[in-house]
Amino acid sequence: MSDTHRLVFEAIWANPNTRDSQGNVLMSIELLKTICIRAGLSDAEAAEVMARINDPETVDQLKSSVSEAVSRGAFGAPFIVVTPLKGAGKTEEQVYFGSDRFEAMAFSLGKPWLGPDPMRPTAGAFASGKL
C-alpha cells in the first residue's frame with residue numbers, strides 16, 4: 001500500500017478527528033493537501049493538486065471513470081479489470097472487486113502473491129519456496 005493510500009485509509013477509517021458528531025468523514029481541501037504533503041509532495045505541488053481538484057477537466061475525468069466502472073459492474077473499490085495481453089492464453093477480461101481478491105488476481109496471472117507487505121521477512125522465503 002502506498003503512503004497516499006495508507007494516509008487516505010487512515011483519514012477515513014482510523015482517525016476520529018476527521019469525522020463530525022454523526023460519524024461522517026470530513027474530507028476537506030486542507031486534509032487532502034496535508035495527505036499530499038505527508039505522501040511526499042512539496043507544499044507548492046500539493047497546492048497545485050488542490051487547485052486542480054475542481055477543474056472541469058478533472059471533474060469530467062472522474063465522471064468518465066466512474067461511468068466506465070459502473071458500466072463494467074463496479075459497485076465499490078478497489079475494482080480492477082485485467083485485460084489479457086496478446087498471446088497470454090486468456091482472451092477475456094477478468095474483473096476483481098475488493099482488496100481481498102489480490103491473491104486470486106495474482107494466482108490467475110501466474111504471479112506470486114507476497115501480501116500487502118512484500119518486505120516482511122517471510123515474503124522472501126515464500127517467494128523462494130523455502131516456506
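E93 counts as partly exposed, at 38% relative accessibility (partly exposed lies between buried, under 20% relative accessible area, and exposed, over 50%, with a 1.4 Å probe and protein chains only). The model shown here is predicted, so local features need pLDDT of at least 70 and side-chain atom pairs count only at pLDDT 80 or more, while totals for chains, interfaces and linings use all residues. Residues are numbered from 1 along each chain as its sequence is written, and side-chain values use heavy atoms, leaving out hydrogens and water.

**Around E93**
- E93 and R72 meet through their side chains in a salt bridge, 2.5 Å from N to O (a salt bridge is a side-chain nitrogen of Lys or Arg within 4 Å of a carboxyl oxygen of Asp or Glu).
- E93 sits in the loop between strand 1 (79–82) and strand 2 (94–97) and R72 in the loop between helix 4 (56–71) and strand 1, so the pair ties together parts that are 21 residues apart in sequence.
- R72 is also partly exposed, with a relative accessible area of 34%.
- A network of salt bridges links E68, R72 and E93.

**Other salt bridges**
- The whole structure holds six salt bridges.
- One of them joins K33 to D43, with the closest N and O atoms 3.2 Å apart.
- Since K33 belongs to helix 2 and D43 to helix 3 (residues 43–52), this pair ties together parts that are 10 residues apart in sequence.
- R52 pairs with E48 in a salt bridge whose closest N and O atoms are 2.7 Å apart.
- R52 and E48 are four residues apart in helix 3, a separation of about one helical turn.

**The chain as a whole**
- You can count six helices and two strands in the chain (DSSP runs numbered from the N terminus: H or I of at least four residues for helices, E of at least two for strands).
- Starting at the N terminus, the order of elements is α-α-α-α-β-β-α-α.
- Of the 131 residues in the chain, 14% are buried.

**How helices 1 and 2 pack**
- Two packed helices are described by the angle between their axes and the distance between the axes.
- Helix 1 (residues 3–14) packs with helix 2 (residues 29–38) at an angle of about 145°, and their axes are 9 Å apart (axes are lines fitted to C-alpha atoms over the stretch in contact, and angles run from 0 to 180 degrees between N-to-C directions).
- T4, L7, V8 and A11 of helix 1 make the contact with L31, I35 and R38 of helix 2 (contact means heavy atoms within 4.5 Å).
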